[in-house]
Amino acid sequence: MSRFETPFVQRLRLLHPLVQAPMAGETATVELTLAASRAGALGSLGAAYFTPQRLRDSIRALKAGTERAFAVNLFIPVPWSRDPMREAAYAAEIAKAHATLKLPPPEPPQAFEENFDAQIAVVLEEAPPVFSCTFGAPDAALVKALQARDIYVIGTATHPAEARELERRGVDAILAQGAEAGGHRGTFLKPFEQAMIGSMALVPLLVDAVRLPVIAAGGIGDGRGVAAALCLGAQAAALGSSFLLAEECGTSAAYRAALQSVNNTGGDLETAITRAFSGRPARGLRNRFLEQIEGRENLLPDYPIPNAWSRPMRQAAAKQSDAEYLSLWAGQAAKLARPEKAAEIIARVMQQAHTCF
Ligand SMILES: Cc1cc2nc3c(=O)[nH]c(=O)nc-3n(C[C@H](O)[C@H](O)[C@H](O)COP(=O)(O)O)c2cc1C
């Protein structure tokens, strides 16, 4: 068996030990998931912000578009509560940004998050080949119900304790999300600082902690990272930031420009962990709104309250091509991303991974 034909690859009949990582938000398009799956990676749709109807339509479009495996990803709901003082303070910060963007003052959001029960009901009905999730561990009963529909279940862990918990709940595989990763931290059992473990340490720790396939994610930007992940015992590598410049990705023009801003200067892309946009720690490129909130993050209301309050600001900033008020989620290796078609990214990364052995 080749080093690349891991049990995970065989089980899902992939061509490569590669996952196009789920990326919720404007980035999530059926076209990207489809292109990645058709090219033999596990394409994943970050559907956490989708309405149930959009989720249903997307799963049907994916099934119609490929015979190959693909994943649909949702956020497991986490408990949260409202705190009027914190919410008012955050709304005042958003109001400042609205003024800068010449928008009317912000209005309280109508709803704070999608209805997970309605979303998961669609997943159970439409039965995509793979369901993946983050922010928490799905109930054991839900995992069983998904598996009874022949859906392969992947949970996200940022710490060995979380991987063990996911294994107890019965999931089929674990995505090890290293501290380098772009986007929200999946941490759910530990204070998030304790779960900022780099991929080089996290992957072998999880491989030893559970008997399930481990998928490495976080800071893997090209074939060198994929080869390293396989050496660490991962059965596949998940790349998120490397697909942000894919033609099929929904990344806005301003976001793309920010990711490519240092390409001709030899400079570095600076990322930081911030709660500024959503209330939950996430890694993204530094910009003005991140710095406006920096240092006062412990005073923010719970996720998803800031996420809902900041949405009109982010949408307007995307329209105005102003990257200073967008959440620019990106991992520490985001500079390795190239503007190519998803299939070209996959071919380039895999060719490079092969040359590493
Ligand atoms: C823009 C963006 C959005 C993301 N959204 C999700 C998501 O909806 N669900 C999820 O499980 N992970 C999400 N992530 C994390 C990725 O799935 C993955 O763990 C991460 O991108 C891997 O690290 P890398 O960015 O260094 O490749 C997101 C990452 C990015 C960059």
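This is a predicted model: local features need pLDDT of at least 70, side-chain atom pairs count only at pLDDT 80 or more; totals for chains, interfaces and linings use all residues.

If we leave out residues up to four places away in sequence, Ser 327 touches Tyr 255, Phe 277 and Arg 314.

Now to the chain as a whole. The protein chain has 13 helices and 11 strands. Its radius of gyration is 19 Å, close to the 21 Å that the globule rule gives for 357 residues, so the chain is as compact as a globular protein of that length. Along the principal axes, the C-alpha atoms fill a box of roughly 60 × 50 × 40 Å, and of the 357 residues 59% count as buried. If we take the contacts between residues at least 6 apart in sequence, 70% of them join residues at least 24 apart. As for charge, there are 36 positive and 36 negative side chains, and the centres of the two sets lie 2 Å apart.

The domain assignment divides the chain into domain 1, made of 7-77, 113-251 and 336-355, and domain 2, made of 80-112 and 270-329. The centres of the two domains, taken over C-alpha atoms, are separated by 26 Å, and 17 residues of domain 1 are in contact with 15 residues of domain 2.

Next, a residue in the loop between β3 and α4, namely Ile 76. Is Ile 76 buried or exposed? With a relative accessibility of 9%, Ile 76 counts as buried, and, leaving aside neighbours within four places in sequence, its contacts include Phe 116, Cys 133, Phe 135 and Pro 138.

Helix α9, residues 223-231, deserves a moment as well. Its buried residues are Gly 223, Gly 225, Val 226, Ala 227, Ala 229 and Leu 230, and these pack against β1, α8, β8, β9 and α13. Just after α9, Gly 233 takes a positive phi of about 105°.

I will close with the backbone. Most residues other than glycine have a negative phi, and most peptide bonds are trans. With that in mind, please look at Lys 102, which has a positive phi of about 60° although it is not a glycine. Lys 102 is found in the loop between α4 and α5, and, at 75% relative accessibility, Lys 102 counts as exposed. Finally, which peptide bond is cis? A cis peptide bond joins Tyr 303 and Pro 304, with omega at about 5°, and Pro 304 has its place in the loop between α11 and α12.

Technical notes. Residues are numbered from 1 along each chain as its sequence is written. Side-chain values use heavy atoms; hydrogens and water are left out. Helices (H or I, at least four residues) and strands (E, at least two) are DSSP runs, numbered from the N terminus. The radius of gyration is taken over C-alpha atoms; the globule rule is 2.2 Å times the number of residues to the power 0.38. Buried means under 20% relative accessible area, exposed over 50%, partly exposed in between (1.4 Å probe, protein chains only). Contact means heavy atoms within 4.5 Å. Lys and Arg count as positive and Asp and Glu as negative; His and the chain ends are not counted. The place of a charge is taken as NZ of Lys, CZ of Arg, CG of Asp or CD of Glu. Domain bounds come from an automatic or database domain assignment.
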